[in-house]
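Have the sequence and the 3D view open while you read.

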Amino acid sequence: MRKLPKKQSILLPDDWNIIEEGFHPQHNFMLETIFTVANGYLGLRGNLDEDFPDKCQSFKATYINGFYEEYDITYPEGGYGFAKRGEAMVNVADVKTFEITIEGEKFNLFSGKIYKHIRKLDMKSGTVVREILWESERGRKIFISFERLACFKRQHLGAINIRIKPLNFSGRIKIVSKIDGNSSNLLETEDVRVGSGIEKFPFETSKAHCSELKGFLMQKTKKSRLSYGCMAEHILSFGDFQHKSFADKEKNLVIFEIEFDAEKDMEYNLTKYFSYFTQRDVEEDLIEERCAAEILEAKKMGFENLLKEQREFLETFWENADVVVKGDPKIQQAIRFSLFSLLQSTGRNGISNIAAKGLTGEGYGGHYFWDSEIYIMPFFIYSQPEIAKMLLLYRYNILDAARKRARELHHRGALYPWRTIAGKECSAYFPAGTAQYHINADIVYAIKKYFEATDDLEFIKNYGAEIVFEVARFFSELGHFSEAKGGKFCIFCVTGPDEYTALVDNNAYTNYMVKMTLEFATELYNLLKEKDSNALEKLCRKIELLKDEVLLWKNIADNMYLPYNPELKIISQDDSFIYKKRLDLSKIPENQFPLLLNWHYLDIYRYQVCKQPDVLLLIYLLRENFTFEDLKNNYEYYEPITTHDSSLSPAIFSILAAELGYLDKAYEYFVYTARMDLDDLNDNTKDGIHAACMGGAWQALVFGFGGMRTNKDRLSFAPKLPQRLECLSFKVRYKGKVLKVEITKDKASYTLLEGESVQLSHYGSSFELKRGQAKEFILAN
Ligand code: BGC
């Protein structure tokens, strides 16, 4: 078994804030990720606000969810159907770096003396605030603070407020502010998980102009041919200042210089409002006007009111989504950071989704994966289903691209890309990319869970059923009834979730999830026939679906080959897995992990070794199909050979270990999941947060220690707390009802907050709650 990494955090524990005290340039790269503010559309990586010398690792970035540049994927030895053109989230113009000069001396923390430096991400106010007390080399002492936000209620708007107060002098202060369109993406790095194929400078600047303290820059990507615009305007709290501004299209720059005579002990305040729009949001020629309207509104509101609005938005968010954990302050902080980061990362406009690294860094090219549906979506389904719906709408909006991809691979139906932004398959390594056909079923699984939790038949009629039918149609062509396997339906040459085993026959996860897909497709077909036959007919006409096809789905589902090894009493991961040599992970030096960076894939594929759960994930997702014995046997078999080289891994182990009663172990896996980024446990937080892992942290609390399971129309619970936790409480939204669950060491209580009544079960005993009613159960220790 592999020992899980542990580290001392440089961030202070606090229930609602992430706090850095002191200045830590050696951790700058990672802290830039942590201190990102984003609103699901606009992501401002947490770069220092001041321009500083090249003395620490840094990557200055601003991202717009769903805004991408294309790049050619070149293979010296290519092949038919290989992804040829990738899409990567592109780094857009920077507005958050300032040059501040005090009587000719440049303010930066690498010179002079720092008396105080505190940086705080406040998860109730949705801001990052830095407060600095600094003395220049020539002895000028000054207080400076920066407060930054990306407005949740105004997705195209952000603002930065700067306060400056000279403490022991009066003198000339100059602030240079910019719209700097010279951003580029990280080029290829040693780490295959980082770096896009985007060329050095991906833009052509089409507009750059300014007047007074307001300016606009517009750029177009060279390959995807998408424009975006960025407008910024500055408001000063005092009248007596001089300013100049320049716009230079050739230099991709708009610059503002503001100078004033500052008096000792007086405070000077500057607010910069900025707005971004892209051609994916509005027509190209409306971009400037929309930015201007946004800024005008912001000026009318003023910074204080924007802060108030942000707080109100977050109050509602936390009201619905908060999870309270008592016993370990680092855990309370980590879970809130996870939920907050998910909110910050999630596109809510139907054309964007959740990148594996959110809007915080360049890892995985800003691509969307199955991470969204299997790891992150449950949090939204059971707390804010309207966001889950927008994420599924995104899948509907790229359905045509998925149909096209299926055709390219000579299939009917739809094949969703393993990784993408706007719908194209962007994975250049097909064995751990296109071959992960299970993504199709993962999307269906999320639709199924969403429908079960919301009864949103309109969504199914208008969007969901079409996706499910097209995916079912694709799967019915992916395998065949194999005589040698007793006439069972087999699927050959696929990759399951475990990326350390590729291109295998009858991957259990895939086969079971395909079976689930085909059953659900049949169920939806019958449901629509009963509830709205006109809608069904219309859809069948649109996609030319015949009744025979639906009968075939049922036949395949009933005859799916489901791998099982009776001697070992386990589900074999695939046809060949159990015959391979088991890798003894305890013999591998720690510095060899993750194996994918240190071993050739062929070497990895040859062994029984898993990057992440495959069979165990299947058991977790389709829990009602398996017994406790199945769970235990498979857990014991697969745990020792799992490296957790994917951050998606430990949460699932935590949940299953909790069910098995291995509570210490469950807690250890949970802590690894929850603190992944705050403690930089995998040494790569610099490239961005691990969004799926954060969704996993929520699942580990609710499904793991909360023991929640959802079955057709009932929620059931089997809670148990690990030694280290004193109390866990959360809310669940299910079929329009809101339930509050509170668990302590010796009791569990359930209160119905919204809805007439609800049927629940606690350790198998059913009960009903009416609105406002609570029921308590004693927990056996
Ligand atoms: C995992 C995938 C995941 C991807 C993006 C990989 O390391 O193996 O399952 O989708 O990261 O998070």
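## What we're looking at

Keep in mind that this is a predicted model. The ligand takes up the space of the largest pocket.

## Who surrounds the ligand

Start by finding the neighbours. Around the ligand you'll see Ala356, Tyr364, Phe369, Trp370 and Asp371, then Trp418, Glu499, Lys611, Gln612, Ser646 and Leu648.

Now zoom in on the oxygen atoms of the ligand. One of them is 2.5 Å from a polar side-chain atom of Asp371. The side chain of Gln612 also has an N or O atom placed 2.6 Å from a ligand oxygen. For Trp370, the distance between a side-chain N or O atom and an oxygen of the ligand is 2.9 Å.

How much of the ligand does the protein bury? On its own, the ligand would expose 310 Å², and the protein buries 94% of that.

## A stop at Ser372

Next, find helix H5, which covers residues 371–381 and includes Ser372. Is Ser372 buried or exposed? Its relative accessibility is 0%, so Ser372 counts as buried; the cut-off for that label is under 20%.

Ser372 has a polar partner, too: its side chain makes a polar contact with the side chain of Asn353, at 2.7 Å.

Notes
Residues are numbered from 1 along each chain as its sequence is written. This is a predicted model: local features need pLDDT of at least 70, side-chain atom pairs count only at pLDDT 80 or more; totals for chains, interfaces and linings use all residues. Side-chain values use heavy atoms; hydrogens and water are left out. A residue is near a molecule or strand if one of its heavy atoms lies within 4 Å of it. A polar contact is a pair of N or O atoms within 3.5 Å; within protein, one must be able to donate a hydrogen and the other to accept it, and residues adjacent in sequence count only if both atoms are side-chain atoms. Accessible areas come from the Shrake-Rupley method with a 1.4 Å probe; for residues, only the protein chains shown count as cover. On a 1 Å grid over the protein atoms alone, a cavity is a set of points where a 1.4 Å probe fits but cannot get out, and a pocket is an open set with protein on both sides within 12 Å along at least five of seven lines; lining residues have an atom within 4 Å of a point. A molecule sits in a cavity or pocket if more than half of its atoms lie within 2 Å of its grid points. Helices (H or I, at least four residues) and strands (E, at least two) are DSSP runs, numbered from the N terminus. Buried means under 20% relative accessible area, exposed over 50%, partly exposed in between (1.4 Å probe, protein chains only).
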